[in-house]
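Let's take a walk through this structure, starting where its chains come together and then heading inside. Keep the picture open as you read.

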Amino acid sequence: MHALRVYARLLVAGVRRQSSYPLATLAGLVANATFGLLKTGILLAAVGSAGGTLAGYDVGTMSAYVWLSQGLLGSVNLWGGSDMMQRIRSGDVAIDFLRPVDVQGAAIATDVGKGLFALLPRGLPSVLIGVLAVGVTMPATPGPYVLGVFSVLVGITVSHALVYLLAVTGFWLVETRGVTVLYMSVSGLFAGLFTPVWLFPDWLRTAAEATPFPSMMMYPIDVLTGRVTGADAVGVVGVQLAWLAGVLLLGHVLTRAGRRTLEVQGG
Amino acid sequence: MADALARLAPYRAVLASRVRSQRSYRANFVLDLVGAVLIGLMEFTEIWVLFHAVDGIGGFTFAQILLVFGIADLTFSLADLVVGHCDSLPTYVRAGTLDVFFLRPQPVLLQLITSDISLRRLARATVGLGALVAGLVINDIAWDARSVALLAIALVCGVVMFASVFVTAAGLQFFLVNGAEMTNAFVYGGRYAATQPASVWPKAVVVVFGFVFPMAFAAYLPVTALLGLPGAPWLPSWLGWCAPLAAAWSVTLALLCWRWGVRHYRGAGG
C-alpha cells in the first residue's frame, strides 16, 4: 500500500512538472492542429477517391482517427528520448539506485504522469479542434468510452515502458542515439500515426501487429471510436496488457543486469 | 576575389573541423547514417501506403506523387543539412552559447549556420534523391530546355525556401524559448505539406502553406507545370514558374524575423 502511494506521488509530480510550462503546451497544440489539418486533407481525399469508404473508414470515422491520434501525440512517447536515458548516460542513475523505490517503476510512473497531464491541455483541445473544424463520428453508447479510456491509459503506459527499455540499453551502449533513431523510425508508422495500420498492405500490417507499437496508439483509438466492440474490444485491450506485462518484465530484468555492469566514472 | 576567399577562410576551417569530428566515432557515425536513411524510408512508406490503398489522391497517381516527394524531401534535407540546427536555437540560448557568438567579429547567423553541420543529414538526402530519380524515370516527361529549366528552378528555390523557413523559426524562437515547438508547425508541418498534393488542402491550409509559407511552390506546383497537370483552386499550375518569387518572399520573411529576434535578444545572463 505504501509503495503504491509513492508511485502515485511520483505520478502527481510528473503532472505538476508538465503544468508549469503553459507556453510549451500552447506551442504543442498549435503544431498538433497544423499536422491534424494536413492529415485530414490527405486522408479524407483518400477516402473520397476510394468511393466513400476505405478499409471500413468513412469521412466521419477517419476524421475521428486523425484527431484522436493527434490528441494522443503529446501523451504517447513516439520519439524515444527520456530523462532516464540522460540519467544513465550522466551516471546520475547511481543515485536513483540508492533510493528506496524501484528505479523502473519510478521512471515510468513519472513519465506516465506527464503523459496523462498532456491529455488536458493538449489532447482534449486537439480533439475539440477536430470536432469543431472538421466534425467527427463517435459512438453513441457509453461502452466504448469506458473501455477506451482504460485502453488509452494502457497505451500511454506501454509507450513509456518501451522507451524505458531504450534508456536501459545505455548501461551497455553508453551512446543510445542509434537505438533512439531506430525506435523513432518505426514507431510512428507502426503505431498508426500518419495512416491507420488497417490501410497497410497485408504483409506490412502483419509486421506491425507483431510489434507493441499498435498497442500505443492504434488499438486505443480503435476501442475509443467503436471500430472494435464487445468481446473483440476486450480482446484488443488484453493484447495491450500482454505487451505491457512483457515490456515491463524485460525492463525489470535489464535493470537488474544493467545495475551490475554500471560503472560511474569520476568521484 | 582573393579578398573574398580570405574572408571565407575561417568558415572553411570551422566546417572542416566539424566534419572531422563526426567521423572520429566510427560506429556511432555509421549507425547515425543508417538511422537517418531509415527515417527517410519510413516517411516515404507512409505516402506509399496511402497511394497503394487507393488509385490516386487529389488528381495525383503514385508515380506523380513520387516526383513531388522526391523534390520536396531532397530540397528539405539539403536545407536541413545547412541550417537545420538553427532550429535548436533555444538550446544555444539556455546554454549561453549564443552570447559567445555575439562577441565575435562575424555575423551571428553565419556563425550559427557553421556551428554544426551534420553529415547524417546528407545520408537523409539520398532518400529524396532516390525518389526524385525514380520519379523522373517512370513519369512521361518531355525532356527539353523548358522542363530542365523548370526542374532546376524548383530544386534551387526549394532549398532556399526550406532554409528560409528554418531561419524564420530561429528568429521567432528568440521570443518563444519555451514554446519552440510552435515553429514545428511550419518547419516540419511545412515539410509534410510540401510532400502532399495541394489539391487536397482546405482553404485555410492553402492560405498558410500556399502563400504565407509557400510550401506548394516547393514541389507541388513545379510538378504540375512539369507534367502538364491541372493545379488546385487558387493554385493554377503556371504558378510553378513563380517559385523564385515565392523563394524571394521566404527569404524576406526569414531575414525580417531573424533581425527582429536578434534585436529582441538581451542575453540569458550568467
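Chain A and chain B bury about 3200 Å² between them, 77% of it on carbon and sulfur atoms; buried area here is the accessible area (1.4 Å probe) that two parts lose on being put together, summed over both. A bit of housekeeping: this is a predicted model, where local features need pLDDT of at least 70 and side-chain atom pairs count only at pLDDT 80 or more, while totals for chains, interfaces and linings use all residues. Residues are numbered from 1 along each chain as its sequence is written, chains are lettered from A and ligands numbered from 1 in the order in which they are written, and side-chain values use heavy atoms, with hydrogens and water left out.

Back to where the chains meet. On chain A, 38 residues are in contact with 37 residues of chain B, contact meaning heavy atoms within 4.5 Å. There is also 1 salt bridge between the two chains, that is, a side-chain nitrogen of Lys or Arg within 4 Å of a carboxyl oxygen of Asp or Glu. It joins Arg122(A) to Glu181(B), with the closest N and O atoms 3.2 Å apart. The pair runs from helix 6 (residues 103-133) of chain A to the loop between helix 8 (145-173) and helix 9 (184-194) of chain B; helices are DSSP runs (H or I, at least four residues), numbered from the N terminus. Arg122(A) is buried because its relative accessible area is 14%, and Glu181(B), at 29%, is partly exposed. The cut-offs are under 20% for buried, over 50% for exposed and in between for partly exposed (1.4 Å probe, protein chains only).

Now for a salt bridge partner within chain A. Asp96(A) pairs with Arg87(A), the closest N and O atoms being 2.8 Å apart, and also with Arg99(A), again at 2.8 Å. Asp96(A) counts as buried because its relative accessibility is 9%, whereas Arg87(A) is partly exposed at 25% and so is Arg99(A) at 45%.

Finally, step inside chain B and find Phe69(B) in helix 3 (residues 62-83). Leaving aside neighbours within four places in sequence, its contacts include Phe44(B), Ile47(B), Val127(B) and Ala131(B). Val127(B) is 58 residues away along the chain, yet the two C-alpha atoms are separated by 9.8 Å. Both Val127(B) and Ala131(B) are among the buried residues of helix 7 of chain B.

How values were computed
Helix = DSSP H or I, 4+ residues; strand = E, 2+ residues; numbered from the N terminus.
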